[in-house]
Amino acid sequence: MRRFSSASQGPSTAYLLSPTCAQNHFDAIRMRDGNTTTFIDDEQVEHTIHSTERFYIPSEIQTMLGRLGFSSVEFFGATLGSFSRDKRLSSDDFEMLVVANRKLSCDVLINHYTDCIQSGLPQRGYRLIISLFNELQAELQLRFPQAKITAIHQGYPDMSYAALAFKAFEPLGLKLAVVYLHRKNSFEFWLAARSRSLQDTWREKLRAKVQEPYQLVEKGRGVDAIVSTVFDHPVSFENQITLTAQLCDTLQAMFSYVEELLQ
């Protein structure tokens, strides 16, 4: 059960020292527990607290949250200092952890979206990302003159990327991509293919060869990568020259690695 309490007491700075509980009474009809607790604080002053606590069972909480528009209500066992969804609720638990989601109405969503756009912050942040990709595209052309560099896929607000088709990879239908994930503020590097069928073929060919820090990406809905790795530097847009250089270095390392894989 989960409880909520209200109490009256003396000075708020008091600390519990050897508390004693008296006049404890539980009302099963009202699901309330009343008790009187006496304790002595650090200054040896005695205090008395008269409290009443309301206990709730899961069905009550689910009904109340449902009336407030919450859905997918989940209940878990609650251990002080160790709250986790891994702990199943049991009769041994004195308290419980309740997790619920509330779906926003369409109008509320649009209002939040409008407020966000009116603030101008999304547009300013997005321009920074595209500015970085413009710098990155220019640097990639200098570093990899043998590669064909695609136009920047802006992809707001999902992901933005630039792809490179190296001469050694082009006959195989493969390319490398630098990908920025907007929701995570992170970069990833992907080995991708020209088509889904080629992607599946190369995934199986490379399955037993890929080693860390690179990972084989399993087939799934919307999955475009065959092999991926993460950017292991802090992402800071304050110095785009440094960030661009680090991205190019990581791409160079992946290019060399993939060349070895394909041999």
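Trainee: Is Arg54 buried or exposed?
Mentor: Arg54 is buried, at 17% relative accessibility. Buried means under 20% relative accessible area, exposed over 50%, and partly exposed in between (1.4 Å probe, protein chains only). This is a predicted model, where local features need pLDDT of at least 70 and side-chain atom pairs count only at pLDDT 80 or more, while totals for chains, interfaces and linings use all residues. Residues are numbered from 1 along each chain as its sequence is written, and side-chain values use heavy atoms, leaving out hydrogens and water.

Trainee: Which side chain does Arg54 meet in a salt bridge?
Mentor: That of Glu60, at 2.9 Å from N to O. A salt bridge is a side-chain nitrogen of Lys or Arg within 4 Å of a carboxyl oxygen of Asp or Glu. Glu60 is partly exposed, at 24% relative accessibility.

Trainee: Why would such side chains pair at all?
Mentor: Opposite charges can pair when the charged atoms come close.

Trainee: How many salt bridges are there by this rule?
Mentor: The count is 12. Among them is Arg30 with Asp27, at 3.9 Å from N to O. Arg30 is exposed, with a relative accessible area of 51%.

Trainee: What about Arg207?
Mentor: Its side chain meets that of Glu204 in a salt bridge of 3.0 Å, N to O. Arg207 is partly exposed, at 35% relative accessibility.

Trainee: Which residues do salt bridges with shared partners join into one network?
Mentor: Glu139, Arg143 and Asp249.
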